[in-house]
Amino acid sequence: MSRFFRAKPASGIAAKSRFLKDVSDSEESDSDEKREVKSAKDKKLDALELSVKTIENAKKINEWVAIQNGNAKPLGTFGIPRIYIKTIASLEDFLNESLQKEKEAKKKMNATQAKALNSMKNKIKKIIRQFEDEVGKWRQNPILTEDEEIEDDEDLGEFVKSTKKSSIKKNNELYATEFNDEEGFEQVGKGNKPIEYTSENLFKKLREIMEARGKKNTDRLEQIKILQKLLGVAATPYQKIRVLLALIPAQFDYNPSMSNYMNVDMWKNTQEEIKQLLTILETNPHFIIREYVEEEVEDKEPVIESGQTFGIRGSIVSFIDRLDDEFIKSLQNIDPHTTDYVDRLKDETELYATIVRGQIHFEKNELNESTSRVVMRRLEHLYYKPDQVIQTVENTVNLLYPSGVSSSITPSEITQDSSVLIRALCVYLYKNGESLLRTRAMLCHIYHHALHNRFYTARDMLLMSHLQDNIQLSDVGTQILHNRTMVQVGLCAFREGMIKESQSCLQEICGTGRVKELLAQGLQIQKYSQLPPEQEKLDRQRQLPFHMHINLELLECAYLTCSMLLEIPAMAAAGSNPEARKKVISKPFRRMLDYNERQVFSGPPENTRDHIMGAAKALAAGEWQKCQELIGAIKIWDLMPETQKIKEMLNRKIQEEGLRTYLFTYSSYYTTFGLEQLSTMFSLPLNTVTSIVSKMIWNEELAASLDQINNVVVLHRVEPTKVQQLSLMFAEKAFSFVEANERTLEQKQLSGQNQRDQQRQKGQSNQQQNTEKRTTYQKRDGQQQRGRNNFNNVLGNSVRGRTQQNRYRS
Amino acid sequence: MSASGTPTTPKETLSNVNVTAALDVEGNFPLESVQIDGLVVLKIIKHCREFFPSPVTGQLLGLDVNGVLEVTNCFPFPGAKAEDENELVDGARYQVDMMRCLREVNVDNNTVGWYQSTYLGSFVTHKLIETQYNYQQTFNNKSVVIVHDVSRSTHSNLSLRAFRFSQAFMEAQKEDKFTTESLIKNKLTFSNIFEELPITVKNSHLVTALLHSLDDYEHVIPKSASLDKEKVVSPLSPNFDTLELSLDPYIEKNLEFLLESVEEHTQEQNTYAFWQRSVAREQTKIQVALQKRKQENVSRLASGLEPLPEDDIHKNHKLPAEPSRLDSLLITSQINNYCKQLNQYSGPTLGKLFISGELQK
């Protein structure tokens, strides 16, 4: 029958065939249906049948090339045909068989055949893994599947549904059998052989797994499962330790990519296991896990004499490190605005407890290096947290191990006071850590001081440690920590009302416009250049979890407020003098102010910036009340502790700076100012006004003198003549001229020396000398700078270092 | 400073010169001083003042006699605005024509140098260097440039200075190489680019007589009742002009120029520093390459191979060429000039200020 002929009544027949479906009537209807739904599915099925036949035939004559060609992949959008499963299963059996045979009589097979056989072996393995369930099912009950096959033949229309159903059914069955397996310690291996895990063959299995680890075809999940089973049967502590030492890294290794984070459940499991490991070690003190053990461990139970310790190769500290890293990684990847994040964050207490426990363990066994690493971890969990949080965490931890051995570094009495605790941890690291850990500990310590408004302590520590001199040489993570510390010190100064110090601390970081990047609190969008993907990945990995973030808006707000309080009087002092106007304290502030001033119409302030810009304009115009209002209206201040106090401080500062601005702006129009009047104008006490004016006179900002009798400021109007101006300029120029000259000379001498040295002995030792000289010169230079504007330059060094690094990288 | 000598009566110091003058036909004596006729001085001053403040140049004519360069005549070059090629050619032709004419009327027409006007001593330029080099080469070092500073002359005494290049500078300029090395070789610093020659002004006896008679004012002009004796001041008698106190503009200008040159010098320094850095970079590269080659050689020796030569590394790595130091040399010299001027000016001025201060008490 041609298709054209059948075209018209097609629908009728289709309907009919549907009714006929259950009757299993005749071949005709069957064929009808086949032809009617001559879709891709059918075609494929036909093709499949054909290829199955070829494979069968080829099998008989041991023709592997044909088998390989015949093994087409019949997968479409529909399910897996029984016949296919059957074929691959039997094919696998045959394959194994012939592999056996081949071993016995290798010479019989020619090269192409052997090649085909090998590739077939790999291919079939892959396919079997894909259809593991189905194949397993088929193996268990070939007859049933055979039946289904017949059914399939009978009712191809229902094929899809049935396979789906059956596969689900099968899956359930499979789970059931697996469950049974676990109960009876019996598992069916590939070759239908039951695998038993007992305490006796544990070491052997363990060894097998260890050998398979890291290989390409190993199923990592499978390994973990086996190890878990092994852990179940492990009888002695030694066995348990050995299994755990294999199981924990296996779980860490499960996730091969660096960007993904570990599954939370698995993480929890691992944590439990580490805890278990620690418990075992605590109860069995004769086992010690060290990184270096001389004798190779045999696969048998060691004989331990009493009083002796037995070393096992392994590193708990790396487990704890990894656990912590995975925790941070998961926090980086979870959206911080979801409850997931909060839930995850709750695990920190547990993690912290594990860290503390590890610390106690290392201390007891005098593993100093591990101790300092763990102490660092502990410190990094603590330094940014407020007191209450630390206390709660510490209390929980103490409750978790109430009767356990207490730490000598951090006895439980001192854990009540966060500052004492952090001090103890830091001091331990100063004494025992390597230089990197010492640096980090120092930074954490400073951060903590700054957090507690101890500005001078923090500053002194920062300067005395000379951290900034070479922070740019350290790794990026430490630099980020340094930046965070700097910002925190700046905020601390702000809270304490030290505007100038605060501004100079924040300047380097906030002035760059790359705050996010410098604090690792989000990726900066590059405007003109695209970062290379690896670079972006690295940056992403460095990001801090959300709960550690410093509020950027608050930071900006503090910075801009400081800038306003310093810049507005400075601008007023500069007046119309173009040279003086060029001296900018805060570039971003100036830019914003310029932008704001160019606006034709500026509406009421909406965000923080608008508020500050409005306040700045008001301050410049002498309207200090308005300025106070605008600054006070900023909502973000609420995030600072003791908001009211800070606002009061700011109000006082605004009054003072307002007075200064006024004096700068209008001093040229008056011959005298009444102190009383100034005091009422800015509602400042007379003493304050007098002190401010005196300070300005002393700093030569105001050419005036105080008349104590009449209580007025007498202004002496002086303006430098052209000649004086020029002379001043020339003095400045000459100074830089001389400096440049000296530098050139220095360079010259260096290179001259270099050449001479080369001629003399062509060695490398001289280069060292040279570099030493160079560094001493730089140091001297640095000191000079520091002498000139004491706190300013030093603080920013590292940032500059970081930007430079960035530049090199990109 | 003998250069800023006032037009005084000629000294009869060189009476015996004429005797040996005839002997010095070959011109073996190096120049030691310059002797200018009063006429030439006046002509130069006139020319320079007319075109002030744009700089002008002119030709000096005369003869060198026994180490003394006698300048007896001069003529100005046409306008300094000659930028075009054509006008430059015109300038050359004008010079030749002028010389021919002078020869025809039998006036001294032997070129001995040139003169230039300047503003506050800012004459050390490339143009001057080039021209003077040409002159000095053509006339076997017996050529000078006379620099007349108009503004200084109005402020204080007449400023007329004669310069020529030192031998060291001539050498360096000949090689056209101003690297540090050649500077060291020629022992050249900013202070010995030029050699300044003392200038004496010579007047003929007739002129001297006139001057004397002018000085004796009362004899020349008959006494009359209408002339107030008090007000008539002899032109050459001491006056109070030199005691003028308006010093600001002069110092201002000077400082401005000084600032400018310092800035220029800073630029030069930057170029130099840049060069230094790049040299240092290259050198470390060479070092690294050498080190590598050495290691390679060690391993090659160990495996019994011939060591590779180390010379080609030096060939492969070219050190960047040193920037010419001429500019910085000139600028430094210029700065030196300004500083000297300021010093010279401020010394007497301070004296004046003290005087006036005392007077006002």
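Predicted model: local features only at pLDDT ≥ 70, side-chain atom pairs only at ≥ 80, totals over all residues.
# Touring chains A and B

Visitor: What percentage of the residues in chain B is buried?
Guide: Chain B has 361 residues, with a secondary structure of 12 helices and 8 strands. A residue counts as buried when its relative accessible area is under 20%.

Visitor: Take contacts in chain B with a separation of 6 or more: what percentage is between residues 24 or more positions apart?
Guide: For chain A, the corresponding question concerns contacts between residues at least 6 apart in sequence, and 67% of those join residues at least 24 apart. For chain B, residues 24 or more positions apart account for 75%.

Visitor: Let's zoom in on a residue. Is Q359(A) buried or exposed?
Guide: Q359(A) lies in helix α16, residues 339-365 of chain A. Setting aside neighbours within four places in sequence, its contacts are T371(A), V374(A), V375(A), R378(A), S407(A), I409(A) and T410(A). Its relative accessible area is 0%, so Q359(A) is buried.

Visitor: How are α28(A) and α29(A) oriented, roughly parallel or roughly perpendicular?
Guide: α28(A) covers residues 587-598 and α29(A) covers residues 608-620, and their axes are 10 Å apart at an angle of about 80 degrees. Angles of 65 to 115 degrees count as roughly perpendicular. That makes the two helices, α28(A) and α29(A), roughly perpendicular.

Visitor: Which residues of α29(A) make the contact with α28(A)?
Guide: By class, this contact has 6 nonpolar, 1 polar and 3 charged residues. From α28(A) come F589(A), M592(A), L593(A), N596(A) and E597(A). From α29(A) come R609(A), I612(A), M613(A), A616(A) and K617(A).

Visitor: Over to chain B. Are α10(B) and α12(B) roughly parallel or roughly antiparallel?
Guide: α10(B) spans residues 248-302, and its axis is 9 Å from that of α12(B), with a packing angle of about 155 degrees. Angles over 145 degrees count as roughly antiparallel. The pair is therefore roughly antiparallel.

Visitor: What is the make-up, by class, of the contact of α10(B) with α12(B)?
Guide: α10(B) passes α12(B) in a left-handed crossing. On the α10(B) side, the contact residues include Y250(B), I251(B), F257(B) and H265(B), while those of α12(B) include I331(B), Y338(B), L342(B) and Y345(B). By class, the contact has 12 nonpolar, 7 polar and 3 charged residues.

Visitor: Which residue follows α6(B)?
Guide: α6(B) covers residues 167-175, and A168(B), F169(B), M170(B), A172(B) and Q173(B) are buried in it. Their cover includes α4 (126-138), β6 (160-165), α7 (180-186) and α12 (326-360) of chain B. The residue that follows has a positive phi, near 55 degrees, and it is D176(B).

Visitor: Is N106(B) buried or exposed?
Guide: N106(B) sits in the loop between α3 (85-104) and β4 (111-118) of chain B. Its phi is near 65 degrees, a positive value in a residue other than glycine. With a relative accessible area of 70%, N106(B) is exposed.

Visitor: Last one: what is the relative accessible area of E700(A)?
Guide: E700(A) is in the loop between α33 (686-698) and β6 (704-707) of chain A. Its phi is positive, near 60 degrees, in a residue other than glycine. E700(A) is exposed, and its relative accessible area is 74%.

Note on methods: Residues numbered from 1 in each chain as written. Chains lettered and ligands numbered in written order. Heavy atoms only, no water. Buried < 20%, exposed > 50% of the residue type's maximum accessible area, 1.4 Å probe, protein only. Helix = DSSP H or I, 4+ residues; strand = E, 2+ residues; numbered from the N terminus. Contact = heavy atoms within 4.5 Å. Axes fitted to C-alpha atoms, helices over the stretch in contact; angles between N-to-C directions. Parallel < 35°, antiparallel > 145°, perpendicular 65-115°, else oblique. Left-handed = near helix turned anticlockwise from the far one by under 90°. Nonpolar A, V, L, I, M, F, W, Y, C, P; charged D, E, K, R; others polar.
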